[in-house]
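Please look at the sequence and the 3D structure below before reading on.

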Amino acid sequence: MNRKTLLILVGAIVVIILGIGIYFWLNSYTSNQPPVSGSPFGSGGGNSPTTNNQQPTSNQNASQSTSNTVVSSSGLRKIADGPISGATIFARASTTIVRYVDKATGNIYEYDTGTNATTRISNTTMPKIEEVSWGNNGNALVMRFLKDSAIESYFGTLSASTTATAGSLAQLVGNYLPENINSLSFSPLRDKIFYTLPSTVGIEAFVADKNGGNPKSVWQFATTEWMSQWVTENSLTLTTKASNGISGSAFSLNLKTGSFFPSLSNVPGLTTLTSPDGNLILYSQSQGSITSLNLYDGKNNQTEDMPFITLPEKCLWGNTTTLFCAVPNSGMDSYLPDTWYQGFVSFGDTIWKGTMSGTKTPSNTANNISNMDGNSIDAIKLALSPDGKTLIFENKKDYSLWLLPLQ
């Protein structure tokens, strides 16, 4: 073998070794990157759909009913494996009913708490539903999803004859709302909707009938990223979308007078949840690895610390003074809320119940009422039955649906 041939052979071997090394380095780098997730629909997260939605289609298969729910000693039970897109709880006669939307198909199911039976009640298929807002008694809803890079919102109602009996499936009928709605809220009476749209000014807000009819412009602002909560008949809380260390503010919008005034200002990483009478605001602030939870009393313009730490998105006002929260067992020392929204961190919670009477009374108390029976649940989207005896929530880890009876 002459010298030239030897050099060519050695060069080829070196190239092969470098190629193998680069291949394994790239594979290692890719596998160590966190998954990309998030949602264009606001806080709380959720994976964005990867395929476009189609028009609603009907499926005439008979309804399906099951009753294999496992109930723990405390009554905690998983009532849907998920993933689901949203649930509501209401009373029908003497029974408490839970309705939810299957994320993959858009089919609507209901769970009877008395019989532990789950029944499919709709025959309309709308794949990849990301978010659902519910009207009164689960008979009306707004489904939100991505289609061709636009945010679509579909208002639908179930036929009044739906009784969830075997072989009886209702068709979901309705209409599309304007494209690219940023934030949407039902009124307390569930007969109106509030929504925001991009505009030449920045953002414009409208109040309309629940099906989107008769829209009326009620507010404009230069900043575009807002979360809305319709609190009382004539007032909403509007909060800037949160990011760790970035100053946020919460405002009260009076629909009757048009007034718009600040409730909280320059709070880093601000997220909020306002009580049903508008007097108290539960809010978190996050700066670096430190997160705190506070209660703001608007009547007295005072703030006090809460006895536990969580995010308002993991809480629910049961009434004007009763508060339910899912509280992480291991604390909250990540760069919140961003890492939680994006799915980089998750929690295992316990459920707390508190009585909040404002900052000028000594009766603010909170107690741990459920340890989730050892289940690792990152609870979101809490909802309470009308009689106050049943709590439902989703597990953000897999978007399964759970029910907890309250003692």
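## The model

The structure is a predicted model.

Strand 23 spans residues 290–297. Of its 8 residues, 6 are buried, so strand 23 is largely enclosed by the rest of the structure.

One partner of strand 23 is strand 22, which covers residues 280–287. The two strands pair in the antiparallel sense over 8 bridges. As an example, Ser284 has Leu293 of strand 23 as its bridge partner. Strand 22 and strand 23 form a hairpin, with 2 residues between them. In that turn, Gly288 has a positive phi of about 65°.

Strand 23 also pairs with strand 24 (residues 302–305) through 4 bridges, and these two strands run antiparallel. Here Asp297 has Gln302 of strand 24 as its bridge partner. Strand 23 and strand 24 form a hairpin too, with 4 residues between them. Asn301, in the turn, has a positive phi of about 55°. As background, strands of a sheet pair through backbone hydrogen bonds, either parallel or antiparallel.

## The disulfide

How many disulfides does a search of the whole structure find? The search finds 1. This disulfide joins Cys315 to Cys325, with an S to S distance of 2.1 Å. Cys315 lies in strand 25 (residues 315–317) and Cys325 in strand 26 (residues 322–328), so the pair ties together parts that are 10 residues apart in sequence. A disulfide is a covalent bond between the sulfur atoms of two cysteines.

The torsion about the S-S bond of Cys315 and Cys325 is about 110°, so the disulfide is right-handed. Are the two cysteines, Cys315 and Cys325, buried or exposed? Both Cys315 and Cys325 are buried.

## Around Cys325

Cys325 has a relative accessibility of 0%, and therefore counts as buried; the cut-off for buried is under 20%. Leaving out residues up to four places away in sequence, Cys325 touches Leu282, Phe308, Thr310, Lys314, Cys315, Thr350, Ile351 and Trp352. Pro312 is 13 residues from Cys325 in sequence, and their C-alpha atoms are 7.9 Å apart in space.

## The largest nonpolar core

The largest nonpolar core has 15 residues. Which of them touch the most other members? They are Leu282, Met306, Phe308, Trp317, Leu323, Cys325 and Met356. Strand 22, strand 23, strand 25 and strand 26 each supply at least two residues of this core. Strand 26 gives the most, with 3 residues.

Phe308 is one of the residues named above. Not counting residues up to four places away in sequence, Phe308 touches Leu293, Cys325, Val327, Trp352 and Ala366.

An open sheet of 4 strands has the order 3-31-30-29, and its pairing is antiparallel. Strand 3 (77–80) and strand 29 (379–384) stand at the edges. Each has a single partner strand, so one side of each is left without a neighbour in the sheet. From one strand to the next, the twist averages 30°.

Strand 3 pairs with strand 31 (residues 400–405) in the antiparallel sense, over 3 bridges. Within this pairing, Arg77 has Leu403 of strand 31 as its bridge partner. In a regular strand the side chains alternate between the two faces of the sheet.

Terms used:
Residues numbered from 1 in each chain as written. Predicted model: local features only at pLDDT ≥ 70, side-chain atom pairs only at ≥ 80, totals over all residues. Heavy atoms only, no water. Buried < 20%, exposed > 50% of the residue type's maximum accessible area, 1.4 Å probe, protein only. Pairing = 2+ DSSP bridges. Disulfide = S-S within 2.5 Å. Core = buried A, V, L, I, M, F, W, Y, C linked by side-chain atoms within 4.5 Å. Contact = heavy atoms within 4.5 Å. Axes fitted to C-alpha atoms, helices over the stretch in contact; angles between N-to-C directions.
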